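The exercises below are meant to be worked through with the sequence and the 3D structure side by side. Each one sets a task and then gives a solution in steps.

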Amino acid sequence: MNTDRILPTLAPGTLYLVATPIGNLEDITLRAVRVLKECDVIAAEDTRHTGRLLKHLGVSKPLLSCFQFNEAARGEVVVERLRRGERIALVTDAGSPGISDPGERVVKAVLAAGFRVEAVPGPCAMVAALTAGGLPTREFHFVGFLPHKSGQRRSRLASLRSIPGTLVIYESPFRVEKLMAELNDIFPGQSVVLARELTKKFEEYLRGTTEELLLITKKRRLKGEFVVLIDNAPGNHPSGTPPAEPQGFRLD
């Protein structure tokens, strides 16, 4: 059966948000590959990185850079090309555009101009970590990356204590030990999962209390990007109540 005849063609004047692999190249969907093959141009966070993915897929398309510091200007370019009837795919280096990655501003500009936006779902580090992490998934809150400055980080973490469910944070390997020290102060004794190198050869889930994982991060030099899960579900706190404000620390 030739399925090519029953698949809808890409619609002119449409922006497609294409999720790309977060590590394992086999995770890209059949629909994502077809959109990348049939679109007129691909807006990419890093054209070199996307170029390697396209080469692996056997796809050759014009690339348009669209990263954090030029996203606002690129939104205007994308809208103008949509006016000409082009079909545009937007990708980031890994995962879904707009989730802790460029994409939100472009989507807003495209929608404001009256054009259609379609999501082409696929790999997502947050979902992968939640489903395999072992913490409650009925209710969760996505935080993304925390601020770099210590005061802002602690304020943000303290503000999350009242939010029920599993908290999801993205963190780099250079700050994961610092994060665990902060969590041990602000969420003492609570269950945490450190998920790293997801879908890659050295994928690993580290599970334990804030204190236990702080000791691990001090002893081991952990590599790879992290998804950090914190069990903040009602009734799952060590004392049966949400953690108290750390001594000597106050959120104004």
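**Exercise 1. Find which residues lie nearest the centre of the second largest pocket, and describe its lining and its space.**

Solution. In this predicted model, the second largest pocket has a lining of 13 residues, and those nearest its centre are Gln68, Glu71, Ser100, Asp101 and Pro102. Sorting the lining of this pocket by class gives four nonpolar, four polar and five charged residues. The space in the second largest pocket comes to about 320 Å³.

**Exercise 2. Describe the largest pocket in the same way, and find which helix gives the most to its lining.**

Solution. Begin with the space, which is about 790 Å³ in the largest pocket. Next, look at the lining, where 34 residues take part and Ile22, Asp93, Ala94, Asp101 and Glu225 lie nearest the centre. By class, this lining is made up of 16 nonpolar, nine polar and nine charged residues. Finally, turn to the elements: helix 2 (47-57), strand 7 and strand 10 each supply at least two residues of the lining, and helix 2 gives the most, with three residues.

**Exercise 3. Trace the largest nonpolar core and the elements that build it.**

Solution. The largest nonpolar core has 21 residues, and the members that touch the most others are Leu157, Ile169, Leu183, Phe187, Leu194, Val228 and Ile230. Two or more residues of this core come from each of strand 7 (165-171), helix 7 (176-186), strand 8 (191-196), helix 8 (210-219) and strand 10 (226-232). Helix 7 makes the greatest contribution, with five residues. Now take Ile230 as an example: with neighbours within four places in sequence left aside, its contacts include Leu135, Leu167, Ile169, Leu183, Phe187 and Val192. A separate, second core holds 18 residues, among them Leu10, Val18, Val35 and Cys39.

**Exercise 4. Work out why the buried residues of helix 7 lie on the same side of the helix, and find what covers them.**

Solution. First, list the buried residues of helix 7, which are Val176, Leu179, Met180, Glu182, Leu183 and Ile186. These residues cover an arc of only 160 degrees around the axis, and therefore they lie on the same side of helix 7.

Methods. Residues numbered from 1 in each chain as written. Predicted model: local features only at pLDDT ≥ 70, side-chain atom pairs only at ≥ 80, totals over all residues. Heavy atoms only, no water. Core = buried A, V, L, I, M, F, W, Y, C linked by side-chain atoms within 4.5 Å. Buried < 20%, exposed > 50% of the residue type's maximum accessible area, 1.4 Å probe, protein only. Helix = DSSP H or I, 4+ residues; strand = E, 2+ residues; numbered from the N terminus. Contact = heavy atoms within 4.5 Å. Arc of directions from axis to C-beta. 1 Å grid on protein atoms, 1.4 Å probe; cavity = no way out; pocket = protein on both sides within 12 Å on 5 of 7 lines; lining within 4 Å. Points joined across faces, edges and corners; volume = space filled by probe spheres on them. Nonpolar A, V, L, I, M, F, W, Y, C, P; charged D, E, K, R; others polar.
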